Every structure is written in C-alpha cells, then in structure tokens.
Number of protein chains: 2
Amino acid sequence: MTGQVRTVDGRVAGRRGQETRQKLLDCLREMLSTSPYRDVKVIDVARMAGTSPATFYQYFPDVEGAVLEIAEEMAEDSGGLKELVDGKSWAGKTGFTTSEELVDGFLAFWRKNDAILRVITLGAAEGDKRFFKIRMKVLNSVAAPLAEAVRNTQGKTDKTVDGSAIAGALVTLLAASAEHSKAFTSWGVKVKDLKPSLALQVYLGVTGKKPPK
Amino acid sequence: MTGQVRTVDGRVAGRRGQETRQKLLDCLREMLSTSPYRDVKVIDVARMAGTSPATFYQYFPDVEGAVLEIAEEMAEDSGGLKELVDGKSWAGKTGFTTSEELVDGFLAFWRKNDAILRVITLGAAEGDKRFFKIRMKVLNSVAAPLAEAVRNTQGKTDKTVDGSAIAGALVTLLAASAEHSKAFTSWGVKVKDLKPSLALQVYLGVTGKKPPK
DNA sequence: ACGGTAAGCTGACGGCATGACAGGACAAGT
DNA sequence: ACTTGTCCTGTCATGCCGTCAGCTTACCGT
C-alpha cells in the first residue's frame, strides 16, 4: 500500500538507510522547534544527525520536501482527533463536558506539534497546495464531525444555520488560539482561563444556546 | 521626534538615499507577496530595485530587518481600525450593522496587507518578540475597544464575563479567517457567506444574544 | 565657480550553503 | 573470499551572504 521508501535517485532504502532517513527527520523536527524556519539549513540538520549534507539530499529533494514528510506523519496522527467529537452528546451538562474535552484535546495536539504546524500554516497561507492539503486534513478531522454535530443539534430547528461555516470558524479559532496563546497572555488571559473561554465559544457555536449552570 | 533615517554604518540618509531605501522596501513587499518567505533573497530584492546587494546592506541589517520596517509602517496604518469599534452602538439592529462593518473592515485590512501579516504571524508564532509586539499592536487596535464594548454591553449584568478573553478570541478568529479564507472555500463556504457568519459570531460574542431578525 | 565634505553606490572578495556525482565502505548472501 | 547492491562521503561548481575599500555624486560655504 504505502510503497517502499525510496531515495531521490530511485533506489529502495534498506534497514540502515531508513534509520538514517528517520534520524534526519527527527533532527529536522528538533531544528524546527528551536530555530526560525527561514534559518533552518540542510547543513545544520546533517551535522546534528552526525552525517553529511550529501546524505540528506539522497533522501529528500530539499528542506521543504523533508518538512512535508514530517507533516504527513503528523497528519496521520491527527486522525485520532475525530474521537473527540464522534459519538459525543451535546445535550445539557454532558454537552459542555464534550466541549471542554474537545478544546483540551485539540489544544494539546496542536501544542505537541506546534513547530511543524507553524510551518504548515505558513505554507498554506502562502498558497502552497501540498501544505494546504495537509492542513485541511488535520482541521477536517475535527471540522467534519463537528459540522455534523451542528446540523444534528441546530439544523432541525433553524434551516438558516450553516454547519460547515460554524464548524470551520470554531476550528479556525481553536487552531489560531493554540498557535498564539501568548497573545492571550498579553491580554491578561491566563492559559488556564483560555480553555473555559474557548469551551464556551464552542458550546455556543454548536448548540446555539448558553450552557446550563 | 522620529529621529532621522540612518544607514547601518550611522550616516544620515538624504533625499536620494531615502528614495533608494523606499524602493528597496517596495520591492521587498512585492517579493513577499509572490514568493515563499523562505525563498526571498537579498540579491533578488536588489536586482528588482535595480541596485546592488551591497546597497541593500547599507540600509538594512538583513531581510528580516527590512521586513520589520515594512511591518512597522503597516502597524501605524492599523490605527485606523479603531474607528470600526470606537463609539459604535451594539444595540439591536444597529448593533448587527456595527458587527458587519467591523468584520468587513478588518478582513479588508488583513487582505490588503496579507503578505506582510503572514510573515509577522509566523515570526510571532516562533516567539520573536519584535514580531509579536507588532502583531499585538495591530490586533489591539481592534481588541482593546472591543473588550471595552463587551464590558459595557454584558459586564453589567454578568460579572463572570471576561471582556478581554472574548474580544481576544474574536480578533484571533477574524485574523485567522482572513489569513485562511481558502480553507472556508474548501468547506463549501463562499467568501460572501463567510462575512455574515463571522458577523454573527462577533455579535454573539459582544452582546451575548442572538441578533434581531 | 570651485573646492571640501559627506552621502551614495558598487566591484570584489572570503565564507558558507547548495546540490550533483563518482567512488569507496559496508552488509549480506553464495 | 567474492559478488552484489546498499549506503555514505569527499569533492566540486555554483550561487548567495555580508563586508570593505574606494569611486562617484550631490550639496554647501566662500
């Protein structure tokens, strides 16, 4: 299914080769979280991995290519986010718990992968289709089931509600909040206070009502 | 007050120098909107401006330095966004119009400066204080008066409402929506439909009520 | 008009990253 | 030990970075 891992010049990579490749990816991941994207150089990644730049180019066309690889890995991982919404109830107090857990899980995921997601977000904003697609995959893992939840909860009583638009806005909000939580700090909102505030927004968006006391 | 414009080596720039400097900034701005940030090179900017790389380094320490300059200019410009909130009423139908105009004005501003804002957003997310500060200045031009509006509208009846948190979330949402409007398109939400949807969110957030029909 | 002075620009250069290649090291099977 | 295919690196041409010395240009006072 996945097809074998191949080098840039078409050879199939063996055990040792895959190890080196993986080590390069790990080092790149680390570099991304410590240096500005613009300053990440092939030579630094290679040095950190204890190998030479030439080796890097055997497995990846360039830094961007390797970044896409990491991104793809992460996108696979994002499938688990579905469980935060799928099959959950939005009624009454249980509903608010659902909302809190969603916010919590989403923020945790984003924070865990913040370095790579930062680059993906940039690439997507710049109009790069490959990055855009990956970003959509991550967001959709939550946005799709959430839109469904909105339709189930509000769609019956109010036909003018657009589930996709609401879910999209909520997911966009969550992603941006995770990426820029420091901004909230500077507004005097502690990270601890941020979560309930977002949970409230999500609950409001999905149900259209204020949460029960 | 502003202090004269100076070259990197301390000379004060005269008329001709300021022209060249400005031309370099203009070309950089253009480059940013056509190439990925990572690929913007000093030599390209210089070539486009019809000058030599050495000249570039006379006015800016590096690409980032010049970007900060453009960003600062833009941040000055963002002061006008205040008028979208200051002195506006949030009551009844007028309130919803206020919301619509705010969304419209904010999105227009963001779209007009999307290239530079993209870079600022990245820099802020990466933890660069200079970029962070500029981003806050732009966001605060709306967030600060908006928080005030929330307090005036809801704060009297409900002490648990945190105006800063709500205003912050709304502004974060608007910024991210502007930056990633393509994502909404892919969710089947047209740009035309996006605005009313955001206006609704803003109105809800500020007033805590559904808008009048 | 004419020199003096400071601004303005660039050619040239060492240094470093990129990206390609060919050849040597290495592991595994025979 | 020998072969085969994988794996790594030394080396090289190319191109960008960032600096400097030095030349040109504009402005100013006399």
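A polar side-chain atom of T51(B) lies 2.7 Å from a phosphate oxygen of DNA strand C in this predicted model. This pair is a polar contact, meaning N or O atoms within 3.5 Å of each other.

| Residue | Atom of the residue | Distance to a phosphate oxygen of DNA strand C |
|---|---|---|
| T51(B) | polar side-chain atom | 2.7 Å |
| T20(B) | polar side-chain atom | 2.7 Å |
| V42(A) | polar backbone atom | 3.2 Å |

There are 18 residues around DNA strand C, and R11(B), G14(B), G17(B), T20(B) and T51(B) come nearest. A residue is near the strand if one of its heavy atoms lies within 4 Å of it.

At least two residues each come from α2 (42-48) and α3 (53-59) of chain A and from α1 (15-34) and α3 (53-59) of chain B. The most, four residues, come from α3(B). Helices are DSSP runs (H or I) of at least four residues, numbered from the N terminus.

S181(B) lies in helix α9 (residues 181-186) of chain B. Why does S181(B) count as buried? Its relative accessible area is 16%, and buried means under 20% (1.4 Å probe, protein chains only). Apart from neighbours within four places in sequence, S181(B) is in contact (heavy atoms within 4.5 Å) with R111(B) and L194(B).

Residues are numbered from 1 along each chain as its sequence is written, and chains are lettered from A in the order in which they are written. In this predicted model local features need pLDDT of at least 70, side-chain atom pairs count only at pLDDT 80 or more, and totals for chains, interfaces and linings use all residues, while side-chain values use heavy atoms, without hydrogens and water.

Methods. Polar contact = N/O pair within 3.5 Å; in protein donor to acceptor, adjacent residues only side chain to side chain. Buried < 20%, exposed > 50% of the residue type's maximum accessible area, 1.4 Å probe, protein only.
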